[in-house]
Each structure stands twice: as C-alpha cells, then as structure tokens.
Amino acid sequence: QVQLVESGGGLVQAGGSLRLSCAASGSIFSIKTMGWYRQVSGRQREFVAVTTSGGFTNYADFVKGRFTISRDNAKNTVYLQMNSLKPADTAIYYCNVAGSSRFGGADFTAWGQGTQVTVSL
C-alpha cells in the first residue's frame, strides 16, 4: 500500500506564490512518474504537471512559465512551485504517483488527499 501526504496549500493573493509538496511512502519499489492535477469547482479534474524518473517534465499550457515541478528521488517527494498565482488557479490540487510495488512488482497509482489553493484578488 502506498500513501501520499500533501502539504503547502493555503490562501494567497494574486501574484503570490505557494509551494506544494507530496511525500510518498509505503510499499514502493520504484516510482515512474509523479505529477499534479487540480480540480476547479464545477469543472473536470485536469492535468497540471508531471515529472518522470528520467527527469522529463511536462506542463499544462495554463501554468507554463509560472509553475515548476521538481522531485527529490531520495525522499520520494514531489514539489510544485507555484508563482504568479491567479484567481483562476483556485482549486483543489492532487498529487499523483505511479510506480512499481515492492510486492510482486505490480504497478500502482496513488493519489494524495488534496490540498486547497485559494487565490484572492
């Protein structure tokens, strides 16, 4: 079983910054990808950013140039540095991790509990 614990959300004014973190623990053999998704009230959950074990990163168009995803492989932790925040960024942000389990080598995907980010004018 794999557990993700998120932190770093909160209330910030437009133009401000927040840094989200997500730490994975449990029966992990290896992690292939770590990413962030968000759900704006009334909308579908959407992709924000992802990073792979090889260092590849990809971002949604609406965050390019403002958000940066990074990871600490030794700590099984992924971060999302969020700069120049806008009210449209207000959402619940979810961490997602995909990898291989220690038991039997089965693949897994896990989600964090979500953390609220609210950006005011």
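Which side chain makes a polar contact with the side chain of Asn96? Here are some notes on that and on a few other spots, with the reminder that this is a predicted model.

1. **Asn96 and its polar partners.** The partner is Thr109: its side chain and that of Asn96 make a polar contact at 3.1 Å.

2. **Where Asn96 sits.** You will find Asn96 in strand S9, which covers residues 91-101. Its relative accessible area is 9%, so Asn96 counts as buried, the cut-off being under 20%. Setting aside neighbours within four places in sequence, Asn96 is in contact with Leu4, Thr33, Met34, Gly35, Tyr37, Thr109, Ala110 and Trp111. Two of these names, Leu4 and Tyr37, come back below.

3. **The four-stranded sheet.** Do have a look at the open sheet with the order S1-S3-S8-S7, where the pairing is antiparallel. S1 and S7 (67-72) are its edge strands, each pairing on one side only. From one strand to the next, the twist averages 15°.

4. S1 (residues 2-7) pairs with S3 (residues 18-26) over six bridges, and here Leu4 stands opposite Ala24. S3 in turn pairs with S8 (residues 77-82), again over six bridges, with Gln81 as the bridge partner of Arg19. Six bridges also join S7 to S8, and Thr68 stands opposite Gln81 there.

5. The structure holds two aromatic pairs. In one of them, the ring centres of Tyr37 and Phe47 are 5.7 Å apart and the planes stand at 75°, so this pair is edge-to-face. It links distant parts of the chain, with Tyr37 in strand S4 (residues 28-39) and Phe47 in strand S5 (residues 46-52), 10 residues apart. Ring pairs join Tyr37, Phe47 and Trp111 into a cluster. Tyr37 is partly exposed at 24% relative accessibility, and Phe47 is partly exposed too, at 25%.

6. **Charges over rings.** Two arginines deserve a glance. The charged end of Arg45 sits over the ring of Tyr37, 5.7 Å from the ring centre. The charged end of Arg19 sits over the ring of Tyr79, with 4.1 Å to the centre.

Methods: Residues are numbered from 1 along each chain as its sequence is written. This is a predicted model: local features need pLDDT of at least 70, side-chain atom pairs count only at pLDDT 80 or more; totals for chains, interfaces and linings use all residues. Side-chain values use heavy atoms; hydrogens and water are left out. Helices (H or I, at least four residues) and strands (E, at least two) are DSSP runs, numbered from the N terminus. Buried means under 20% relative accessible area, exposed over 50%, partly exposed in between (1.4 Å probe, protein chains only). A polar contact is a pair of N or O atoms within 3.5 Å; within protein, one must be able to donate a hydrogen and the other to accept it, and residues adjacent in sequence count only if both atoms are side-chain atoms. Contact means heavy atoms within 4.5 Å. Two strands pair if DSSP finds at least two bridges between them. Axes are lines fitted to C-alpha atoms, for helices over the stretch in contact, and angles run from 0 to 180 degrees between N-to-C directions. Rings of Phe, Tyr and Trp (its six-membered ring) pair if their centres lie within 6.5 Å; planes under 30 degrees apart count as stacked, over 60 as edge-to-face and the rest as tilted. A charge sits over a ring if NZ of Lys or CZ of Arg is within 6 Å of the ring centre and within 35 degrees of the ring normal.
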